[in-house]
Amino acid sequence: MRVEVTEELRLKLLEEEFKLRAKQPTAWTKTKFRPYANFRRPKTEQVVQ
């Protein structure tokens, strides 16, 4: 069984994929605060008393 991939079929599949992706919940990495992931922030020295 061989299926010819046409531009019309490709666009239809992409549309279906985007619909399914829209139903997925937002990834926890985008919503939760992760203190260990602040790699762009300059390190501050903490003074231990």
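Reader: What makes helix α1 count as hardly covered?

Author: Among its 17 residues, the count of buried residues is zero. Buried means under 20% relative accessible area, exposed means over 50%, and partly exposed lies in between (1.4 Å probe, protein chains only). Please keep in mind that this is a predicted model, where local features need pLDDT of at least 70 and side-chain atom pairs count only at pLDDT 80 or more, while totals for chains, interfaces and linings use all residues. Residues are numbered from 1 along each chain as its sequence is written, and side-chain values use heavy atoms, leaving out hydrogens and water.

Reader: Why is the contact of Glu17 and Arg21 called a salt bridge?

Author: The term asks for a side-chain nitrogen of Lys or Arg within 4 Å of a carboxyl oxygen of Asp or Glu. Glu17 and Arg21 meet at 2.7 Å, N to O, so the pair qualifies. They are four residues apart in helix α1, about one helical turn.

Reader: Why is Arg21 called exposed, and what is Glu17 called?

Author: Arg21 has 54% relative accessibility, over the 50% limit, so Arg21 counts as exposed. Glu17, at 34%, falls in between and is therefore partly exposed.

Reader: What makes Lys19 and Glu15 a salt bridge?

Author: Their closest N and O atoms are 3.7 Å apart, which is within 4 Å, so this pair qualifies too.

Terms used
Helices (H or I, at least four residues) and strands (E, at least two) are DSSP runs, numbered from the N terminus.
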